[in-house]
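Please look over the structure below.

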Amino acid sequence: MGLFYPKQNLKTKQKSNIRLIVIGIFVLAILLGSLDYPILWDKGVDYLNAKLSLGLPHFYKLPFHLGLDLQGGTHLVYEADLSNIPPEERNDSMEGIRDVIERRVNLFGVTEPVVQINKTKSSYRLIVELPGVKDIHEAIKMIGETPYLEFKEERTPEETEEILRKQSEGNEESEGLDPYFKHTKLTGRYLKGAQLQFDPNSYKPYVSLEFNDQGKDIFADITKRNVGKKVAIYLDGYPISIPVVQEPITGGRAQITGDFTVEEAKTLVQRLNAGALPVPITLISQQSIGASLGQTSLTKSLKAALFGLIAVGIFMIVYYRLPGIMAVISLIIYGIIVLAIFKLIPVTLTLAGIAGFILSLGMAVDANVLIFERMKEELKSGKSLETSVDEGVKRAWPSIRDGNISTLITAIILFWFGTSIIKGFALTLFIGVLTSMFTAIVITKSFLKLFVSGRTKRWKWLYGNRIPNKE
Amino acid sequence: MGIIKFRKIWFLVSGFLVVVSIICLVLWQLNFGIDFTGGSLMEIKWLANTPSFEEIKEVFSKNGIDEVIIQPAGSSETIFRFKYIDEVTHQVLLNNLKEKFGELQEERFETIGSIIGKELKRKALWSICLSLIAILIFVAWAFRKVSFPVQSYKYGLIAIAALFHDVLITIGIFSFLGHFYGIEVNVPFVAALLTILGYSVNDTIVVFDRIREKLRSPLYREQEFSKVVELSLKETLVRSINTSLTTLLVLFAILFFGGETIRYFILALVLGILFGTYSSIFIAAPLLVSWEKYVHRNLK
């Protein structure tokens with residue numbers, strides 16, 4: 001007899017635990033839902049503020065990150081020609097290019113540009129993504145006009161002879177090599193700035209270059225090594241000035257003199273100041289999408305998805321009745337959580353990414369279905385409602401876990417394989433599947449347990465069809 | 001219910017479909033889009049009059065582009081496919097078109113060098129192979145404790161076989177569509193294939209999991225394997241159908257009413273899921289039985 005008391009207390013404690021969990025879930029849902037769609041919160045708060053003269057704040061606004069195919073923009077791939085650069089310095093050079101191009105792109109006023117180095121076995125590439133750019137041609141022109149500046153020093157006569165000899169023999173490696181000058185470390189990457197100046201005696205224009213600290217040191221080394229010899233200044237692959245070094249220059253300043261008109265000098269200064277590349281690059285791929293195309297596709301697809309989801313909701317409720325309703329609520333909360341995660345990380349949404357989200361919704365439904373079918377089986381075998389719920393969840397879990405892991409594996413591989421658009425899809429799929437495992441186990445289970453000890457216990461028919469009303 | 005009993009029929013049907021798919025691929029290959037072949041795609045919206053194809057081709061020729069595939073898209077839009085061009089040519093071409101035909105809007109422009117295309121092809125193939133291997137290892141590991149009457153690695157192999165079947169038929173269908181309707185295969189298609197791999201094995205695992213669970217209890221271990229499998233199938237049938245049904249419901253909605261840019265991507269997903277569900281029920285489980293019978297045929 002005394003055993004009744006502890007059991008009763010345990011039950012009520014469990015019950016209040018469940019209640020707390022469910023309340024916690026709803027609070028979380030409202031908070032995250034407001035993050036997803038702040039307009040609702042703001043409207044509600046405005047109404048309350050007006051009626052009760054409170055000073056409640058509006059919700060923090062965090063927008064979605066839209067991919068190229070949704071907001072329009074361009075995706076460019078440049079190939080860098082590193083044949084003249086020794087292998088150890090190649091990564092450095094790529095970093096230099098990346099910095100210069102990023103500076104240029106930022107000058108253009110693009111919000112969230114993406115400039116990335118992409119190294120494959122045989123080639124070094126730069127990927128530039130400019131979302132929301134109105135005039136794509138201007139952007140490409142601007143990147144393309146980035147000047148390629150380098151300083152070269154004289155080769156020894158023996159080196160020159162050898163290269164000339166190899167070239168006359170038709171040696172492939174020596175084909176592109178300059179026999180007279182060799183590459184130094186000093187390139188446009190170390191350029192701090194350029195200025196237009198006029199020679200006080202002849203009034204001819206010249207360009208004065210100033211290097212940054214690193215460049216200053218490199219330049220000092222080069223000039224020290226080459227006193228009395230020539231140092232060539234190459235721009236875009238052509239020598240524009242080949243002065244003889246009079247003395248070592250430690251001040252980090254150099255001059256480019258030549259037969260410039262004032263206009264030419266001015267343009268050169270502008271180009272150099274906007275950033276000079278250490279290595280030449282060529283555009284090998286361009287994909288530009290106008291925003292309108294993506295927009296119409298998006299709105300249509302979202303509407304269609306919404307109808308589809310309503311259909312699914314109806315089906316679940318009709319087939320599974322009360323648990324079906326719980327599943328639908330659980331799914332809505334799932335959607336809210338996932339969308340909030342997308343905003344928080346943030347995940348760049350593409351059209352394919354939205355498809356991934358919808359697919360993961362389908363898998364979230366799957367987890368619920370697995371639990372319900374198990375539950376029905378347990379009920380059929382005569383177990384009590386409570387035990388059926390417990391057993392249902394416990395025995396459905398291995399299927400849910402293993403099935404979802406395989407999807408996670410392919411999502412990871414997709415992430416590795418794809419371009420940015422596919423990466424978005426892989427990421428949404430991955431996050432969606434992970435979250436769906438969580439919501440099915442935690443949320444649906446909590447809902448089920450909550451209702452299990454209540455009045456609805458009597459009406460087993462609410463839980464499954466064709467089960468005789470035993471108790 | 002007879003799924004296992006009539007397995008020879010399902011094997012025949014699937015075998016037939018697979019053979020037909022392979023024939024399609026041999027005959028027509030896949031209609032690769034510019035993602036894989038390189039080239040250019042330009043979509044123009046004409047704000048004045050829509051010019052005739054002859055006139056348009058003239059302008060392209062003037063710019064050194066002799067081969068253009070012209071495809072109307074809507075009443076005032078046209079899609080052009082041609083070889084890879086550099087940005088300078090691109091701008092000159094646009095200006096020429098504007099001069100001759102009035103104001104226009106470039107909705108979309110893509111130009112991809114063929115090197116990237118080849119690389120993508122290679123990467124795509126790698127990804128698919130890697131996924132298959134990863135899934136094989138995972139399934140074999142997940143079922144490692146169930147070695148009787150069928151060893152665990154066999155579960156993995158059969159799961160892979162079912163996946164192969166799904167992917168092959170989907171590719172075959174797209175080969176057919178590509179040849180007769182000009183539907184192109186691009187990077188999203190590969191993404192769809194990889195997704196199908198992950199999703200379809202999900203189904204298969206649910207069935208295998210049920211079999212595994214039954215084999216754990218001594219009650220079922222004594223029984224004939226085919227009966228165990230048949231019972232497992234019966235129990236999981238409703239769940240398999242429901243799950244695929246709900247996902248397909250949403251995907252069909254997008255397929256028919258959604259935007260066109262992802263239409264064929266969704267189509268690939270739909271086909272994959274349809275065949276994936278079919279193969280999990282009618283191919284994967286029966287294959288287990290057939291294999292077991294074959295291995296133990298001499299023990300009777």
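## Helix packing in chain B

Angles under 35 degrees count as roughly parallel, over 145 as roughly antiparallel, 65 to 115 as roughly perpendicular and the rest as oblique. The model is predicted. Helix H6 (residues 152-181) of chain B packs against H7(B) at an angle of about 140 degrees. Their axes are 9 Å apart. H6(B) and H7(B) are therefore oblique to each other. The crossing of H6(B) past H7(B) is right-handed.

Helix H7 (residues 187-216) of chain B also packs with helix H10 (residues 263-295) of chain B. Here the angle is about 25 degrees, and the axes lie 8 Å apart. H7(B) and H10(B) are therefore roughly parallel to each other. H7(B) passes H10(B) in a right-handed crossing. By class, the contact of H7(B) with H10(B) has 15 nonpolar residues, eight polar and one charged.

## Domains of chain B

Chain B is divided into two parts: domain 1 covers 7-34 + 115-295, and domain 2 covers 39-112. How far apart do the C-alpha centres of the domains lie? The centres of domain 1 of chain B and domain 2 of chain B are 41 Å apart.

## A helix in chain A

Helix H2 of chain A runs over residues 38-52. At 1.5 Å a residue, its 15 residues should span 21 Å. The expected span is 1.5 Å times one less than the number of residues. The end C-alpha atoms of H2(A) are 21 Å apart, which agrees.

Is H2(A) well covered or hardly covered? H2(A) is hardly covered: among its 15 residues, the count of buried residues is one. A residue is buried if 20 or more other C-beta atoms lie within 10 Å of its own.

Most residues other than glycine have a negative phi. Two residues to check against that rule follow.

Tyr203(A) has phi near 60 degrees, a positive value in a residue other than glycine. Tyr203(A) lies in the loop between strand E7 (191-198) and strand E8 (205-211) of chain A. Tyr203(A) counts as exposed because it has 8 C-beta neighbours inside 10 Å.

Gln29(B) is not a glycine, yet its phi is positive, at about 45 degrees. Gln29(B) is found in the loop between helix H1 (7-28) and helix H2 (34-37) of chain B. Why does Gln29(B) count as exposed? Gln29(B) has 12 C-beta neighbours inside 10 Å, and a residue is exposed if the number is 12 or fewer.

Methods:
Residues are numbered from 1 along each chain as its sequence is written. Chains are lettered from A and ligands numbered from 1 in the order in which they are written. This is a predicted model: local features need pLDDT of at least 70, side-chain atom pairs count only at pLDDT 80 or more; totals for chains, interfaces and linings use all residues. Domain bounds come from an automatic or database domain assignment. Helices (H or I, at least four residues) and strands (E, at least two) are DSSP runs, numbered from the N terminus. Axes are lines fitted to C-alpha atoms, for helices over the stretch in contact, and angles run from 0 to 180 degrees between N-to-C directions. A crossing is left-handed if the near helix is turned anticlockwise from the far one by less than a right angle, and right-handed if clockwise. Ala, Val, Leu, Ile, Met, Phe, Trp, Tyr, Cys and Pro count as nonpolar, Asp, Glu, Lys and Arg as charged, and the others, Gly among them, as polar.
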